[in-house]
Amino acid sequence: MPENTVVAIVAPVALVVGIALGYLARRLLAANTVRHAESYAERVIAEARSKQKEIVLEGKDDALKAQRAAEEEAREKRADLQRQERLLLDRSESLDRKLESLERRETGFDERQREVEAEKARLAELQEQQLAELERVGGLSVVEARERLISQVVDEARAEAHHQVRAIERQATEEGDERARRILTTVMQRIAADHTSEMTVTVVPLPSEEMKGRIIGREGRNIRALEQATGVDLIIDDTPEAVVLSGFDPVRREVARMALTKLISDGRIHPGRIEETVAKCRAEIEVVMRQAGEQAAYDAGVPGLHPELIKLLGRLKYRTSYGQNVLNHCIETARLSALLAAEIGANVAESKKGGLLHDIGKAVDHEVEGPHALIGGDIAKRYGINAVVANCIAAHHQEVEQESTEATVVQIADAISASRPGARGESLDNYIKRLDDLQQIALSFPGVERCFAIQAGREIRILVRPEDIDDLASSRLARDVVRRIEEQLQYPGQIKVTVIRETRAVDYAR
């Protein structure tokens, strides 16, 4: 057979044999895999059954433990309930015993109350018998005896009250004086102020007597122009080499002084030149006043003031009171007010502002009617100052009631600044008249024997007749004299009133 034919026959046979062998191999492999899978499944099932038994046993064990714990908790609760029942029974028995005791006491109380009522009735009957016997013996009715007894008790109570009042006043005065003295001493030691007062100069010196004629001018035209431009009067008299300026407005007087001084230095004095010089001086004074007001507010530590208040404050630079410069006095009062407020715990800022502005009304009091304190209070309200500071200004001379501690602080600081040694000057005539008025007020009261004004009019000592005025009346007399002085006199600072009553008993041993 040809080789190709053999190959063609053998190839299909080999293919069939291969397929058969492959099929048998796959059948054997599959059977082997199935046997392994069944063996693994049997092992898994056996292990699962074993674990199931263990889990069941553990669950039964846990359930048994839970049952035992529940039974134990139930036993404890039953025991607790039994204890509470026993306590409730004990308390119930105790309450029953107390109730029985209270009932017994109530029964006894009713019996005692009946006894008390009977005793009251017996006492009332005895009291009526005693009153009837007293009326018969004393010859007074019950109403008369009661009135006499009440009158006696009232007199004794009034006398005792007077003694208590005097003791309290004495203690309060001693303690208050000591504390006030300590505070004021501390404050005055901390304030540094000059003891000399600045005076506004109203006399203009002249280089020669010939200058008087040039100031007057032909037919008086120069002096008329100067007076008309400045609003002040020029007094040219026999005073050598001096011209006196007279006017109520200190600012106008200062403008006139400055203008006249410049005209004298320049030498050209005629109406046109006078008007020009006065206008320049007025502008310079406005600048000076504004700067003075700003400097005063800075020195006093009071920022944020209205520009108009600054301007009015600067006008006080040219105002004096008893020789004391008012602007310096305001700055000093502001500092004193701040120190006093800090010592007693008041508002320092409001006290300081009230002290600086307390005399602001003096800048316009020649233009507006009324006391300068009230004028200043109205001005302060107009320019946004709060009510407390406005009351400090308006009440510092007590024209209105003081509404705060700060108002009292400003009043005290004003008195300290005005009354310290050297702060103010006073003419001899006014000084003597004030002392005389002070003594006349004291002598106007009945029972006063003599009086002496001492300490430059800051104290008055009154000697009274002891047979006319007792100790209580002495205290009332001191208060009445103080009230009369406050109503009738104008004085700086404060005046101390001392009433002296002396009783002497003299005998001789022989």
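Guide: Contact here means heavy atoms within 4.5 Å. Welcome, and please keep in mind that this is a predicted model.

Visitor: What average pLDDT does the protein chain have?
Guide: Let's begin with confidence. Residues scoring at least 70 make up 87% of the chain. There is also a stretch, residues 194-201, where pLDDT stays under 50, and the model has 23 contacts for it beyond four places in sequence. Averaged over the protein chain, pLDDT is 81.

Visitor: Which residues of H11 meet H10?
Guide: Helix H10 covers residues 372-382 and helix H11 covers residues 387-394, and their axes come within 7 Å. On the H10 side, the residues taking part are Ala373, Leu374, Gly376, Gly377, Ala380 and Lys381. By class, the contact has six nonpolar, two polar and one charged residues. From H11, the partners are Ala390, Ile393 and Ala394.

Visitor: How are H10 and H11 oriented to each other, roughly parallel or roughly antiparallel?
Guide: The crossing of these two helices is right-handed. Their axes cross at roughly 160 degrees. An angle over 145 degrees falls in a named class, and H10 and H11 are therefore roughly antiparallel.

Visitor: Helix H9 packs with H11 too, so what term describes how H9 and H11 lie to each other?
Guide: H9 spans residues 348-357, and its axis is 9 Å from that of H11. The crossing is right-handed, with Glu350, Lys353, Gly354 and Leu357 of H9 meeting Val388, Val389, Cys392 and Ile393 of H11. These residues divide into five nonpolar, one polar and two charged. With an angle of about 40 degrees, H9 and H11 are therefore oblique.

Visitor: How many charged residues are in the contact of H5 with H6?
Guide: H5 (residues 250-266) and H6 (residues 271-300) pack at about 130 degrees with axes 9 Å apart, and they are therefore oblique to each other. Their contact includes Glu254, Lys262 and Asp266 of H5, and Arg273, Arg282 and Glu284 of H6. Next to ten nonpolar residues and one polar residue, the number of charged residues is six.

Visitor: Which residue in S3 is the bridge partner of leucine 234?
Guide: S2 and S3 (residues 242-246) pair in the antiparallel sense over three bridges. Within that pairing, aspartate 233 stands opposite serine 246. For leucine 234, the partner in S3 is leucine 245.

Visitor: Which residue in S3 stands opposite proline 205?
Guide: Here we turn to S1, which pairs with S3 in the antiparallel sense over three bridges. Opposite proline 205 stands alanine 242.

Visitor: Which residue in the turn between S2 and S3 has a positive phi?
Guide: S2 and S3 form a hairpin, with six residues between the strands. A positive phi of about 55 degrees belongs to glutamate 241.

Visitor: In the other open sheet, with the order S6-S7-S8, is the pairing mixed or antiparallel?
Guide: Six bridges join S6 to S7, and these two strands run antiparallel; arginine 450 stands opposite leucine 463 there. S7 (residues 459-464) and S8 also have six bridges, but in the parallel sense, with isoleucine 460 partnered by valine 497. Taken over the three strands, the pairing is mixed.

Visitor: Which helix packs on this sheet?
Guide: The edge strands are S6 (448-454) and S8 (496-501), each pairing on one side only. Neighbouring strands are turned by 20 degrees against each other on average, direction ignored. The helix touches S6, S7 and S8, and its direction makes about 155 degrees with that of S8. Covering residues 471-488, this is helix H14.

Technical notes. Residues numbered from 1 in each chain as written. Predicted model: local features only at pLDDT ≥ 70, side-chain atom pairs only at ≥ 80, totals over all residues. Heavy atoms only, no water. pLDDT = per-residue confidence, 0-100. Axes fitted to C-alpha atoms, helices over the stretch in contact; angles between N-to-C directions. Helix = DSSP H or I, 4+ residues; strand = E, 2+ residues; numbered from the N terminus. Parallel < 35°, antiparallel > 145°, perpendicular 65-115°, else oblique. Left-handed = near helix turned anticlockwise from the far one by under 90°. Nonpolar A, V, L, I, M, F, W, Y, C, P; charged D, E, K, R; others polar. Pairing = 2+ DSSP bridges.
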